[in-house]
Amino acid sequence: MEKGLLYPVTNAYREDQKLDGLWDFKFDPASEGEQNGWAKGLADPIEMPVPASFNDFFTDKDAREYTGDFWYLKKVFIPQHFAGKKVELRFGAATHRAVVYVNGQKIRSHEGGFLPFTADVTAAVNLGEENIIAVKINNELHRDALPAGDTVTLKNGKRMVKPFFDFYNYSGLNRSVHLLAIPQGNIYDYSTSYEVSDDQATVHYQVAADSDADIKVSLADEDGVVVAAATGQKGELVVKNPTLWQVRDAYLYTIRIQLVKNDKVLDEYADKIGLRTIEIKGHQILVNHKPIYLKGFGRHEDSIYAGRAFDLNVERRDVNLLKWIGANSFRSSHYPYDEQVYKLADREGILITDEVPAVGFKMAAASFLGGLDQSFFDGDWIDELYKKHIDQVKDMIKRDKNHPSVLAWSLCNEPDTSTESAVPYFTKLFNDSADLDPQKRPRTFTLNEDDTFETSKCLKFPDFYLLNRYPGWYHKWGYEISDGEAGLRAELDEWQNSDIDKPIVFSEYGADTEPGLHKLPSIMWSEEYQIELLEMFNRVFDDYDFIRGEQPWNLADFQTVEGNMRVNGNKKGIFTRDRQPKAAAFYLRKRWNSLPLDYKAN
Ligand code: GCB
């Protein structure tokens with residue numbers, strides 16, 4: 001678990017320098033780099049953009065599919081005026097595990113490819129000089145790591161990954177690297193939780209600092225007017241007549257935290273927060289005590305050339321598409337996204353179900369590749385996997401807990417919960433994560449097609465349900481879709497007639513669709529069929545009061561593993577991979593713009 005994961009800022013006390021650009025890059029198939037001194041320099045390197053996944057830049061397949069260790073190296077001038085400060089390197093994401101070296105000296109390692117980590121390099125850097133920063137990354141998949149999969153060696157000696165999921169294993173420094181200089185005694189974490197009513201909001205705050213200085217906290221509105229102030233490591237900020245953060249109508253206050261000693265400010269950290277509450281009550285999802293209905297998508301961080309790299313341009317376009325189509329939410333399937341995604345969502349009033357990269361926890365998921373008939377949770381990898389899983393849940397919540405956009409935590413995608421062996425795992429996961437979020441946001445996981453009201457042994461855990469269902473595509477497809485609808489209704493009738501009273505959000509459903517393929521009457525893969533499938537689901541959603549959200553799969557087409565079920569990627573996008581609408585986008589836009597935020601409230 002990371003000590004602090006505050007997003008880097010530059011202010012009078014802190015300096016944040018992005019190290020994006022071209023880095024030296026080299027594959028290390030024999031894992032010989034460390035003993036051969038690669039941490040001090042790479043012989044015959046390639047130049048590689050950061051942030052980016054390395055894969056799609058290459059024109060030869062061995063390189064694109066490369067699996068194993070690889071190195072990034074950059075010479076960075078570290079200024080003299082960093083003297084007396086704590087100097088850190090912050091990696092937004094190194095997929096999937098990394099070792100950091102400075103001037104040949106090993107500093108730290110990190111496991112997990114979708115969350116940031118910070119290396120304290122104060123003692124290793126030479127100020128006023130160029131320093132060599134090197135990172136050894138490994139992109140193998142294993143059953144005891146997140147996301148789950150296997151790494152195999154082919155008869156020709158090449159290694160490849162066999163993911164237990166379909167998205168392509170894009171690898172590298174997928175997010176920005178930052179060089180930071182912060183005060184030695186610094187603010188390293190803070191958290192907030194809220195109580196709101198029409199005429200008053202209370203912000204409960206808590207600050208974590210490596211310092212015995214006094215802590216001062218203030219809250220300013222969007223005009224910069226300070227509306228509340230407090231002192232102490234823990235306290236309350238009371239705002240009279242607040243402007244609340246509302247779905248698709250965001251209002252952001254600035255919280256400013258200072259460390260002060262003898263009237264001198266030693267450190268400051270400011271951030272944007274939104275005043276709002278989130279609750280689940282019966283089968284309602286409430287924001288600021290009012291029921292809301294989720295409209296949106298499952299997504300991926302995926303685009304041409306740079307793969308899984310965060311790209312502000314793509315993100316800007318995606319958010320504009322979400323707004324255009326009338327969406328108000330998405331799931332960060334299947335991993336926490338770059339922090340800038342959450343910042344944009346905070347600003348636009350979009351809700352996020354934040355998902356940890358616990359995906360592929362199901363042997364049947366390997367059936368894309370000829371799976372094994374065994375319960376995932378019976379495997380001997382489970383203890384090791386759990387350590388990494390809970391560690392990443394902790395870091396995700398630590399990183400994202402102050403974003404008003406975060407609605408809920410998704411602790412897993414489609415785990416195999418149909419055997420009793422899943423129960424102890426989830427008992428522990430839900431117990432160990434219960435107190436991590438001061439806002440006590442709902443926690444959940446998605447339930448795959450095989451994990452139904454009848455079969456899942458883990459229905460007691462989620463605060464609300466996320467159902468991934470594919471009638472009309474993976475079963476009962478084409479002309480049989482009416483049977484698919486009947487099956488879906490039969491399952492929902494079981495939920496309805498049970499004594500469970502929690503909201504259900506459909507977090508995945510969809511049809512692969514080749515843009516430009518038209519057929520009358522429809523045929524699978526045609527744009528017409530995608531609309532018919534969505535119409536079928538929507539008919540069903542409208543008939544069940546406890547369904548409180550619809551998030552078809554996927555916002556956009558995305559790259560996947562090669563396979564006989566995929567034609568150059570997953571084509572269930574409502575938009576193409578280059579973010580242009582399929583016909584279904586216009587259909588959904590019409591529906592979603594006609595559904596009020598409080599749909600089904602009355
Ligand atoms: C799922 C997975 C998602 C896949 C999708 C599909 O259930 O959660 O990662 O991409 O199905 O299209 O097969």
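Let's start at Pro51, which sits in the loop between strand E3 (46–50) and helix H1 (61–64). Those labels are DSSP runs numbered from the N terminus, where helices are H or I with at least four residues and strands are E with at least two. This is a predicted model, so local features need pLDDT of at least 70 and side-chain atom pairs count only at pLDDT 80 or more, while totals for chains, interfaces and linings use all residues. Residues are numbered from 1 along each chain as its sequence is written, and side-chain values use heavy atoms, with hydrogens and water left out.

Back to Pro51: the peptide bond joining Val50 to Pro51 is cis, with omega about 0°. Another cis bond runs from Ser333 to His334, with omega near -10°. You'll find His334 in the loop between strand E26 (329–331) and helix H3 (339–348). Why point these out? Most peptide bonds are trans, and most residues other than glycine have a negative phi.

Lys476 isn't a glycine, yet its phi is positive, about 50°. Lys476 lies in the loop between strand E31 (465–468) and helix H6 (481–497). Asn568, also not a glycine, has a positive phi near 50°, and its loop runs between strand E33 (547–550) and helix H8 (583–594). Are these residues buried or exposed? Here buried means under 20% relative accessible area, exposed over 50%, and partly exposed in between, using a 1.4 Å probe and protein chains only. Asn568 counts as exposed because its relative accessibility is 59%, whereas Lys476, at 35%, counts as partly exposed.

Now for some strands. Two of them pair if DSSP finds at least two bridges between them. Strands E11 (residues 149–153) and E12 (residues 159–163) run antiparallel and are joined by five bridges.

Next comes an open sheet of three strands, in the order E15-E16-E19, with antiparallel pairing. Its edge strands are E15 (187–196) and E19 (234–240), each pairing on one side only. Nine bridges join E15 to E16 (residues 200–209), and Asp189 has Ala208 in E16 as its bridge partner.

Finally, look at Tyr305, in the loop between strand E25 (294–298) and helix H2 (312–325). Tyr305 counts as exposed because its relative accessibility is 59%.
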